[in-house]
Amino acid sequence: MVPSLETPAPAQAHRQFTEANQQFYEQGWNWGTVVVIIFLHLGAIAALFTFNWRAFAGAVFLYWMCTGLGISLGYHRLHTHRSYKIALPLEYFFALCGALTLEGGPIFWVATHRIHHQNSDLPGDPHSPRDGAWWAHVGWILVGESKHNNTALMAKYAPDLARHRFYVWLNNWHWVPSVILAGILYLIGGLPLLLWGGFFRIVFGLHATWLINSATHMWGARRFDTRDDSRNNFLIALVSFGEGWHNNHHAHPTSARHGLAWWEFDISWLTLKLLRALRIVTKVQVAKVKSPILEKEAA
Ligand SMILES: [Zn+2]
Ligand SMILES: [Zn+2]
């Protein structure tokens, strides 16, 4: 039985699944993932009834650590695109932080994202809004056989990571650190800290990341005439540590700096500048964009 993924017309009226995605779609719901995602959302809603400032501050700190350092600086700008260099223990630490978002292990995440860059908005893109906004946002992870633990398959796209035993281990057991953290949060701050620092923070991070796949391939300005539909979106950049400058990023994938104009707020870039000044990171790659492009915009 094929599940219905219908969302309201007209956005979906002309949805055409690419061959690969159609195949996943026809495999039906991935119940394991569906149940976890629903459970996380219920916990995030429950958090609203247990608010206290201490728990909220814990959530903000963990959001910075897990989505900021783990996903934006780690999985994305370091592990996928190798836009700067950092000592191996810190590289591992960033990956551990990335796993704490429940976005999957490093080999899965990096492989999926490299395939996205290879086939952006073309057949083979795992999450293009051309297959529907809902599909690009979350649908693509809710159907089909889970690739999260298929380390052997994903390693083909991330051989550089698959050489490290730590990454292979983390990819296979990517959810374990989150379970341990949940226990620690409960011991330190009881239910409020577990719900805010765990559930709410994870759900917020998931949607912030999913918006890069959905919204920044639909809404926003296009500075560069890339062959995909990528956009620059200020609001999404704000909640995703600068990842919302997605058209800049597709035009210059190996640039560690995504916000290219001074007003394009990019927290991860500011963090990297600080880490570079402290000599913690080196060989930071930055897109060489001619200033007339930006001056023309201002005119
Ligand atoms: Zn993209
Ligand atoms: Zn990328």
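Student: At what angle do helix α4 and helix α9 pack, and how far apart are their axes?

Tutor: In this predicted model, α4 covers residues 88-99 and α9 covers residues 165-172. Their packing angle is about 5°, and the axes lie 11 Å apart.

Student: How is such an angle turned into a word for α4 and α9?

Tutor: Angles under 35 degrees count as roughly parallel. The helices α4 and α9 are therefore roughly parallel to each other.

Student: Which residues of α4 and α9 meet?

Tutor: From α4 come Tyr92, Ala95, Leu96 and Ala99, and from α9 come Phe166, Tyr167 and Leu170. Sorted by class, this contact of α4 with α9 holds 7 nonpolar residues, no polar ones and no charged ones.

Student: What is the angle between α2 and α10?

Tutor: Helix α2 (residues 31-47) packs on helix α10 (residues 176-213) at about 125°, and their axes are 8 Å apart. As for handedness, α2 passes α10 in a left-handed crossing.

Student: Which residues make the contact of α2 with α10?

Tutor: On the α2 side they are Leu40, His41, Gly43, Ala44, Ala46 and Ala47. On the α10 side they are Leu195, Trp196, Gly198, Phe199, Phe200, Ile202 and Val203. By class, the contact of α2 with α10 has 10 nonpolar and 3 polar residues, and no charged ones. Gly counts as polar in this scheme.

Student: How many residues does the largest nonpolar core have, and which have the most contacts inside it?

Tutor: A nonpolar core is read as a set of buried nonpolar residues joined through their contacts. The largest one here has 45 residues, and Ile107, Val110, Ala158, Trp196 and Phe200 have the most contacts inside it. Helix α3 (residues 53-80) gives the most to this core, with 10 residues.

Student: What is Val110 in contact with, leaving aside its neighbours within four places in sequence?

Tutor: With those neighbours set aside, Val110 contacts Tyr75, His79, Thr80, Ala158 and Leu161. There is also a second, separate core of 7 residues, including Ala208, Leu211, Ile212 and Trp245.

Student: How many helices and strands does the chain have, and what percentage of its residues count as buried?

Tutor: The chain has 14 helices and 2 strands. Of its 299 residues, 44% count as buried. Among contacts in the chain with a separation of 6 or more, 69% come from residues 24 or more positions apart.

Notes:
Residues numbered from 1 in each chain as written. Chains lettered and ligands numbered in written order. Predicted model: local features only at pLDDT ≥ 70, side-chain atom pairs only at ≥ 80, totals over all residues. Axes fitted to C-alpha atoms, helices over the stretch in contact; angles between N-to-C directions. Helix = DSSP H or I, 4+ residues; strand = E, 2+ residues; numbered from the N terminus. Parallel < 35°, antiparallel > 145°, perpendicular 65-115°, else oblique. Contact = placed C-beta atoms within 7 Å. Buried ≥ 20, exposed ≤ 12 C-beta atoms within 10 Å, placed from the backbone. Left-handed = near helix turned anticlockwise from the far one by under 90°.
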